[in-house]
Each structure stands twice: as C-alpha cells, then as structure tokens.
Amino acid sequence: MLLAGLFLVIGTALADDRFSGVVTASDTGEPIVGATVKVVGTTLGTVTDLDGKFFIDAPDGAKLEISYVGMTSKTLKAAKQMNIKLEPNSKVLEEVGVMGYGNFIEYGC
C-alpha cells in the first residue's frame, strides 16, 4: 500500500501542467490562426485555432516558443492564461509569386 502511494505521488509530481492562451497580431489585434506554439527543448507543440487560442501540456517552468510566418517569434515562460502579441516582421517579402506547371492533353473527336 505504501509503495502504491509513493508511485502515485511521484506520478503527480512529474505530471505536466496545462497552459493556454491567445495569440494576436500586435498591429491589428486580430487572432493569428495557425501560429506554432512549442515547448523549447522538446518535441511537444500545437497550433492556434480559428480564434488564436491554444492549449498545451508542458512541465512547470517550461518556456514556450511562439512563431508564425511574417511575424517575429517570441520565447516566453509558460503561464496558465497567456495573452501573446506577435510583432510583424519588417524583413519579410513584400510579394509572393505562385507559378503552376502542368500538362494538358487535348483529345480530338
């Protein structure tokens, strides 16, 4: 019984905490959909939803790296309720060009 209690206490001590937050653009205040939130030094990560919200389980005291294309990444200490504002990156491309290649087969009648 004592041994089972010891494993239970150790298991809860090593358990991850749940952290959550909202990622928005600092210039517009709009939520950022699809921003990457990852725990520094691990393979744990998630992305923000349509409202810019995220939930992640991480060890207490963990650091989170938040990044998105066209924004400057931030690394912050994890907190229970986070309000993260990402700054636009002025060194991004002004325009993006898309080119498509394909083969078209024309059938005669």
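Guide: A residue is called buried under 20% relative accessible area, exposed over 50%, and partly exposed in between, with a 1.4 Å probe and protein chains only. The model is predicted, so local features need pLDDT of at least 70 and side-chain atom pairs count only at pLDDT 80 or more, while totals for chains, interfaces and linings use all residues. Residues are numbered from 1 along each chain as its sequence is written, and side-chain values use heavy atoms, with hydrogens and water left out.

Visitor: Is Pro88 buried, partly exposed or exposed?
Guide: Pro88 is placed in the segment after E7; strands (E, at least two residues) and helices (H or I, at least four) are DSSP runs numbered from the N terminus. Its relative accessibility is 38%. Pro88 therefore counts as partly exposed.

Visitor: How far apart are the C-alpha atoms of Pro88 and Met71?
Guide: Contact means heavy atoms within 4.5 Å. Setting aside residues up to four places away in sequence, Pro88 touches Ser26, Asp27, Gly70, Met71 and Thr72. Pro88 and Met71 are 17 residues apart along the chain, and their C-alpha atoms are separated by 4.4 Å.

Visitor: Is Ser20 buried or exposed?
Guide: Ser20 has its place in strand E1, residues 17–25. Beyond its neighbours within four places in sequence, Ser20 is in contact with Phe54, Phe55, Ala79, Lys80, Gln81 and Met82. Because its relative accessibility is 8%, Ser20 counts as buried.

Visitor: With which side chain does the side chain of Ser20 make a polar contact?
Guide: A polar contact is a pair of N or O atoms within 3.5 Å; within protein, one must be able to donate a hydrogen and the other to accept it, and residues adjacent in sequence count only if both atoms are side-chain atoms. The side chain of Ser20 reaches the backbone oxygen of Lys80 at 3.1 Å. At 3.3 Å, its side-chain partner is Gln81.

Visitor: How many residues does the largest nonpolar core have?
Guide: A nonpolar core is a set of buried Ala, Val, Leu, Ile, Met, Phe, Trp, Tyr and Cys residues joined through side-chain atoms within 4.5 Å. Those with the most contacts inside the largest one are Val23, Ile32, Phe54, Leu64, Ile66, Ile84 and Leu86. Elements giving two or more residues to this core include E1, strand E4 (53–58) and strand E5 (63–67). The number of residues in the largest core is 18.

Visitor: How far apart in space are Lys63 and Lys77, C-alpha to C-alpha?
Guide: Lys63 is found in strand E5. Residues that Lys63 touches, beyond four places away in sequence, include Lys38, Thr75 and Lys77. Lys63 and Lys77 are 14 residues apart in sequence, yet their C-alpha distance is 4.3 Å.

Visitor: Which residue forms a salt bridge with Asp57?
Guide: A salt bridge is a side-chain nitrogen of Lys or Arg within 4 Å of a carboxyl oxygen of Asp or Glu, and the whole structure holds two. Asp57, partly exposed at 35% relative accessibility, has its closest N–O pair at 3.1 Å. Asp57 lies in strand E4 and its partner in strand E1, so the pair ties together parts 39 residues apart in sequence. The partner is Arg18.

Visitor: Which side chain meets Lys38 in a salt bridge?
Guide: Lys38 is partly exposed, with a relative accessible area of 37%. Lys38 lies in strand E2 and its partner in strand E5, so the pair ties together parts 27 residues apart in sequence. At 3.9 Å, N to O, the side chain that meets Lys38 is Glu65.
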